Amino acid sequence: MNMRDKAAVVGVGSTPYYKRGQSLPQTPLEMAGKAMLAALDDAGLTVDDVDGLALYSMGLGGDTSLFAQVMGIPEVRFTATLTGGGGGAAGSVGLAAAAIHAGMATTVVSLMTLQQAVSRFGTSYAPRGRPGAQYSAPPSPEKDFTSPSGLMGPGQMFAVLAMRHMHLYGTRREHFAEVAISTRENAIKRETSIMKTPLTLDDYFSARLIAEPLCLYDFCLECDGAVAVVTTSLDRAKDLRHPPVKVTASAHGGMGRWGQAITWMNMPDEYFTSSGHRPVAKRLWAMAGMTAADVDVALIYDHFSPMVIMQLEDYGFCGIGEGGPFVADGNIRYGTGSIPVNTHGGNLSEAYIIGMTHVKEGVEQIRGTAVNQVADASVALVTGGPASIPTSSLLLTR
Amino acid sequence: MTPDANTEEPLAKLPPAELIALTPDVWTTPYWDATAQHRLVVPRCTSCGTYRFPPSAFCYVCRTQVVEWVEQSGRGTLYSYTVAWHPLLPDVSDSVPYVPAVVELPDTGGVRLIANLVDVRPSEVRIGMDLELVWRDVHEGVTVPTFRPA
């Protein structure tokens with residue numbers, strides 16, 4: 001028996017979102033604590049109820065030990081981290097649901113805290129020991145085959161995928177622009193957004209190219225902040241403050257030969273120009289017994305605008321290679337499109353907390369309390385970042 | 001897609017040699033030893049004949065460890081690329097634009113190298129174009145492949 005509808009998200013909380021470096025003098029752990037307390041308060045729970053942590057990437061900025069000690073979690077009964085980077089964002093909540101379904105813990109917190117004052121993800125593959133590169137990946141025999149070319153940031157690497165997608169399918173920069181512009185429209189109406197000024201097509205095409213074909217507005221923001229999500233059993237959720245938001249399905253992973261993806265570039269030709277999500281999507285839909293047609297709102301990890309297009313393809317909202325025209329036809333617009341995408345303003349315009357803002361928005365949409373509420377939203381798709389494996393996703397329902 | 005049509009478009013540059021350092025292991029050392037002698041070699045499984053790249057400890061098809069090193073002609077096809085117009089680090093401010101490219105080697109089952117394109121203006125680059133290898137001697141004993149239009 002799988003974990004379909006066995007657990008529910010009952011609380012979400014965050015710190016304010018800051019431009020890179022502006023969260024100082026708070027510490028990353030301090031922001032993590034504030035986000036967790038906010039999420040527990042939202043649920044009507046306290047730290048005394050927490051017995052699990054289901055994380056991804058760098059999660060707490062450290063590991064569970066210091067966080068549990070500082071926050072006084074009575075007993076930790078489950079602590080695990082999805083490997084990889086932002087790919088595991090949505091999947092961390094699936095990991096929480098799995099732990100609860102397995103009986104290992106009752107109330108599990110998923111969390112991301114981020115402070116880029118001295119560490120910019122934009123240069124996360126840069127050679128070490130250089131100004132601005134303090135957070136870069138350590139030297140490795142594998143990196144020797146990538147670094148000499150000057151590929152040093154994820155944006156440059158995803159640009160390589162985007163360029164081939166354009167070559168194969170006729171995708172154009174106008175299509176990427178539509179992702180950036182529609183997302184900005186959604187962000188403008190929200191207090192929490194970093195970017196609140198309208199973005200026009202002229203602005204887009206006047207912006208500097210960073211890594212062709214990507215310009216400034218194809219890149220996500222560089223932010224600080226923390227977001228926490230509390231998951232518990234569906235039974236327990238029924239007694240809490242908000243109506244339960246069911247974890248109907250979650251999946252993570254990917255093809256082994258997708259592997260390190262953008263840092264090795266030898267993925268099979270068949271899915272080179274993809275988000276890496278195809279096998280994950282297949283398992284998500286199978287667990288839920290649903291398809292893309294059932295989704296009311298999609299919170300799609302948007303570190304780089306072309307990867308939204310490739311995820312729309314990989315989750316079946318449109319055919320492979322048809323993502324560009326699909327967005328150009330207005331399908332992802334809030335209010336008028338067939339599948340509203342990133343109603344919170346995404347990583348591109350609200351804030352970049354490595355995908356956890358997408359989970360928060362998915363929960364608020366299902367509760368019916370979102371700022372840009374999709375009428376009667378009852379199924380929300382949340383995806384983690386296209387990245388090295390694992391990628392992940394989460395299906396939330398009423 | 002040039003950044004400014006009014007200025008003459010520069011030839012693709014190269015990232016600075018100071019940023020390039022290698023940390024090979026037992027499986028990649030033969031590759032870098034060969035490049036230092038201006039020879040491009042790719043490992044092939046001695047059991048099932050599958051090429052694997054980067055060089056690694058196992059054949060991903062049959063899990064055999066032993067490889068033979070197959071010398072390449074230096075011809076390639078452009079699979080994809082980006083043009084780095086904006087320096088992500090101060091260290092590369094004098095080196096933009098540079099063109100990291102993914103180059104497919106013929107007769108290897110689709111092995112791709114990541115290497116810079118040279119002797120080309122960014123707007124002239126086309127996916128599918130034929131390329132030929134140009135060795136870049138970076139430091140004493142360190143040579144990396146780059147490619148130019150054939």
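Two strands pair if DSSP finds at least two bridges between them. Keep that in mind for the first view of this predicted model.

**View 1. Strand S6 of chain A meets strand S4 of chain B.** S6(A) covers residues 209–212, and S4(B) covers residues 83–84. The two strands run antiparallel to each other and are joined over 2 bridges. Look for Ala211(A): facing it across the pair is Ala84(B), which sits in S4(B).

**View 2. Where chain A touches chain B.** Chain A puts 38 residues into this contact, and chain B puts in 39. On chain A's side, the elements giving two or more residues are H4 and strand S6. H4(A) supplies the largest share of that side, with 6 residues. Sort chain A's side by class and you get 19 nonpolar, 11 polar and 8 charged residues.

**View 3. Helix H4 of chain A, end to end.** This helix takes in residues 154–169 of chain A, 16 residues in total. Count 1.5 Å a residue and it should span 22 Å; the end C-alpha atoms are 22 Å apart, so the two values agree. Most of H4(A) is covered up, with 13 of its 16 residues buried.

**View 4. Chain B on its own.** Chain B has 1 helix and 8 strands. Of the 150 residues in chain B, 36% are buried. Take the contacts in chain B between residues at least 6 apart in sequence: 57% of them link residues at least 24 apart.

Terms used:
Residues are numbered from 1 along each chain as its sequence is written. Chains are lettered from A and ligands numbered from 1 in the order in which they are written. This is a predicted model: local features need pLDDT of at least 70, side-chain atom pairs count only at pLDDT 80 or more; totals for chains, interfaces and linings use all residues. Helices (H or I, at least four residues) and strands (E, at least two) are DSSP runs, numbered from the N terminus. A residue is buried if 20 or more other C-beta atoms lie within 10 Å of its own, exposed if 12 or fewer, and partly exposed in between; C-beta atoms are placed from the backbone. Two residues are in contact if their C-beta atoms, placed from the backbone, lie within 7 Å. The expected span of a helix is 1.5 Å times one less than its number of residues. Ala, Val, Leu, Ile, Met, Phe, Trp, Tyr, Cys and Pro count as nonpolar, Asp, Glu, Lys and Arg as charged, and the others, Gly among them, as polar.
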